[in-house]
Each structure stands twice: as C-alpha cells, then as structure tokens.
There are 2 protein chains.
Amino acid sequence: MHPARADIQVDTPEVRVTEWRLVPGSSTGRHVHEMDYVIVPITTSEMTVFAANGERSRARIDAGKSYFRKAGVDHDVHNETTSEIVFLEIELKDQG
Amino acid sequence: MHPARADIQVDTPEVRVTEWRLVPGSSTGRHVHEMDYVIVPITTSEMTVFAANGERSRARIDAGKSYFRKAGVDHDVHNETTSEIVFLEIELKDQG
C-alpha cells in the first residue's frame, strides 16, 4: 500500500479541511482521530477499513452524503477498488 | 425567486450539515450566518450573491473545493444559471 494524498484546503483556529485522494492500492495509514470530524464523500466508493484490532470491514460512501464521527476513531482506510476514492475531512477544533 | 431546498444531513451538539440545492431561478432567501461555517461545493457553479446593502456580485464555486467563513455574513444567494447549484454548509457549533 502506498500512501494516500492529503491536501489541506482550510486551516483556521476553528476548523481544518483536508482533501483525501486514494488511488487504487493506496491507504491513509493507521491513524487516530484527535478531533470530532465530518466526512464529505466526493466520490461514491467502497472503502476497506481496518480497525485498531485488525478487523477488516467494507464501508460504502455516497458522493455528497456527509456523516459525523466523534474523536477517538482509530483505523486505516484502504482503497482496494479500481477507482480513485476522494473525500473531504472536516476536523472541528476548539470543541471544549 | 422560489426557495432553495435545504436538507439537514447531520445535526449534533457539535455541528450541523445542510445540503442546499438551488434549481435555476431559486434562492436561499436573505439570511445571516449565526455560526462559523464551511462550504463544500458539490457542483462547479456560479452563484449570484446579494449583500445586505443590496450589492450584487458573482461568486464561482468549484466542486470539492471548500472554503471557510466567520459568522455574521448576511446575504441572499440566487441561482441565475441554467444548472442546479448544490453545496453542503457545515456550521460549527460551540465555538466559544
């Protein structure tokens, strides 16, 4: 697995927005989310997700359909499909 | 101008995400942003923006290219194009 591409679009005291692009065969690498976050899928895709315990699952994302997660998620996201996966990660800073 | 469609995708204590869909000839109506917010354009479009003083301007948005604004923006967004405009608004709650 080679690394996904991460480009920061916004970085203010309030929020950080990162565009993630995973070409086929790439992965984010294992990471822990330190902040609450919203994901906005740009592509409709299937992600392969490895949890901290190594458990593997599939997660479908739908273009334009956002979702929210609390801080603490610990995982590695792989692209095992034949198409690029693109999504924006919006991390919420200063949430007390 | 008929009203744009607004669908709430996420509403938690931390954040609210609203999907805005403006068919040609529709508008958001004048509104004041009470919270800091991020816009994620889903379409590449040209918005017509009326500021609080009535001043009219054009603003291009690019699909997947987010931007951040502080609370206090007071405007009305119109779609004077021939294509639907779609974007997500991510409002940041509890920012002190």
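Trainee: What makes B:Glu84 and B:Arg21 a salt bridge?

Mentor: The term requires a side-chain nitrogen of Lys or Arg within 4 Å of a carboxyl oxygen of Asp or Glu. The closest N and O atoms of B:Glu84 and B:Arg21 are 3.2 Å apart, so the pair meets the rule. This is a predicted model, where local features need pLDDT of at least 70, side-chain atom pairs count only at pLDDT 80 or more, and totals for chains, interfaces and linings use all residues. Residues are numbered from 1 along each chain as its sequence is written, chains are lettered from A and ligands numbered from 1 in the order in which they are written, and side-chain values use heavy atoms, with hydrogens and water left out.

Trainee: How do you know which residues belong to the contact between the chains?

Mentor: Contact means heavy atoms within 4.5 Å. By that rule, chain A gives 23 residues and chain B gives 23 residues.

Trainee: What is meant by the area buried between chain A and chain B?

Mentor: Buried area is the accessible area (1.4 Å probe) that two parts lose on being put together, summed over both. Here the value is about 1700 Å², and carbon and sulfur atoms give 60% of that.

Trainee: Why are the two copies said to be related as by a two-fold rotation axis?

Mentor: Copies are superposed by least squares on the C-alpha atoms of residues with pLDDT of at least 70 in both. A rotation of 180 degrees with 0.0 Å of shift along its axis places chain A on chain B, with RMSD 0.0 Å. The copies are thus related as by a two-fold rotation axis. The same surface serves both copies, as 100% of the contact residues of chain A recur in chain B.
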